[in-house]
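Morning, everyone. Let me put the model up, and then we'll go through some strands and a surface patch.

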Amino acid sequence: MAEGAATAGAADPRPPLDVAVGVLVDPAGRFLLTSRPPGKVYAGHWEFPGGKLEPGETVEAALRRELHEELGITIGPAHAWQVELVSYPHAHVRLHFLKVFEWQGGLEMREGQHMSWQALPVRVAPVLPGTLPVLRWLAAERGHAGPTHLEPGVAGTAAHYTAAMDWLDRVRWDDRGLVAAIAQERGTGDVLMMAWMNRDALAATVARGQAVYWSRSRNRLWHKGEESGHFQQVHEVRLDCDGDVVLLQVTQLGHEPGVACHTGRHSCFFQRLEGESWHAVEPVLVDPERIYR
């Protein structure tokens with residue numbers, strides 16, 4: 001076995017080290033990968049976050065502690081999913097994977113690592129060997145065919161991923177990694193709202209066919225309609241001449257069709273300047289208290 005390689009660990013005579021691993025899944029279906037910090041084995045490799053169990057600790061308790069220590073978040077329910085034995089040259093580990101869909105707090109990289117919300121195929125590389133089975137499980141669950149990740153050095157894969165992500169590189173992201181996104185109603189041409197997108201939000205929008213934005217206040221992806229039920233079906237995505245504004249042509253869906261604004265109005269642009277004051281010129285179509293009850 002080459003130095004640094006890893007294998008399935010069923011035949012390893014060493015007693016396994018138990019590790020709790022969190023598969024955080026956001027409303028857009030993206031999962032969180034983090035890079036291993038400098039100074040650790042496999043530094044720079046991408047993995048699902050987590051850490052080893054302390055004496056007397058349950059898997060779930062270890063995951064809650066580790067994710068708070070590493071990422072600064074408090075997780076909601078943790079759903080036991082898969083267990084995998086992996087043998088590394090430095091350790092034999094038993095990885096307990098748990099899915100997490102809810103958490104509180106902004107993601108902080110407290111150990112100098114990096115983070116990336118990903119979908120299949122994963123575009124960050126290299127991927128930690130113990131992470132590869134998880135990508136295969138996710139592919140099986142989601143009906144994904146083809147490569148699950150970039151294989152450095154394998155002919156054709158780098159070109160495939162470069163071509164696949166080139167359209168995202170054409171966007172002029174600002175210094176925060178964001179771009180302005182305008183939602184325009186298909187048919188009427190009405191401008192419904194403006195929000196922000198990062199790379200993951202735009203990629204998720206294209207993959208889902210529904211608008212996914214980046215919430216600056218909550219510091220996470222925001223699937224439009226996740227709370228209100230007022231989803232936006234995306235028919236077309238355009239980029240302006242300078243590459244710094246995205247235009248979505250959408251159909252506004254929901255219990256009250258046509259309501260895009262959190263105030264219960266058709267459009268967020270309901271205030272018109274008349275003289276030296278702003279006046280609301282569109283009616284409230286539904287009580288916002290009912291939308292967010």
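Terms first. Two strands pair if DSSP finds at least two bridges between them. Helices (H or I, at least four residues) and strands (E, at least two) are DSSP runs, numbered from the N terminus. This is a predicted model: local features need pLDDT of at least 70, side-chain atom pairs count only at pLDDT 80 or more, and totals for chains, interfaces and linings use all residues. Residues are numbered from 1 along each chain as its sequence is written, and side-chain values use heavy atoms, with hydrogens and water left out.

Start with the hairpin. Strand 17, residues 271-274, pairs with strand 18, residues 277-280; the sense is antiparallel, over 4 bridges. Arg-272 sits opposite His-279 of strand 18. Between the strands there are 2 residues, and Gly-275 in this hairpin has a positive phi near 70 degrees.

Strand 3, residues 31-35, meets strand 10 in the antiparallel sense over 4 bridges. There, Phe-31 is opposite Gln-118 of strand 10.

Last, the surface. Which helix holds Trp-167? Helix 3, residues 157-169. Trp-167 counts as partly exposed because its relative accessibility is 36%; buried is under 20%, exposed over 50%, partly exposed in between (1.4 Å probe, protein chains only). Together with Val-206 and Val-237, Trp-167 forms a nonpolar surface patch of about 250 Å² accessible area. Like charges are joined within 9 Å, nonpolar side chains (Val, Leu, Ile, Met, Phe, Trp, Tyr) within 5 Å. Accessible areas come from the Shrake-Rupley method with a 1.4 Å probe; for residues, only the protein chains shown count as cover.

Technical notes: Patch = residues over 30% accessible without salt bridge, like charges linked within 9 Å, V, L, I, M, F, W, Y side chains within 5 Å. Salt bridge = Lys/Arg side-chain N within 4 Å of Asp/Glu carboxyl O.
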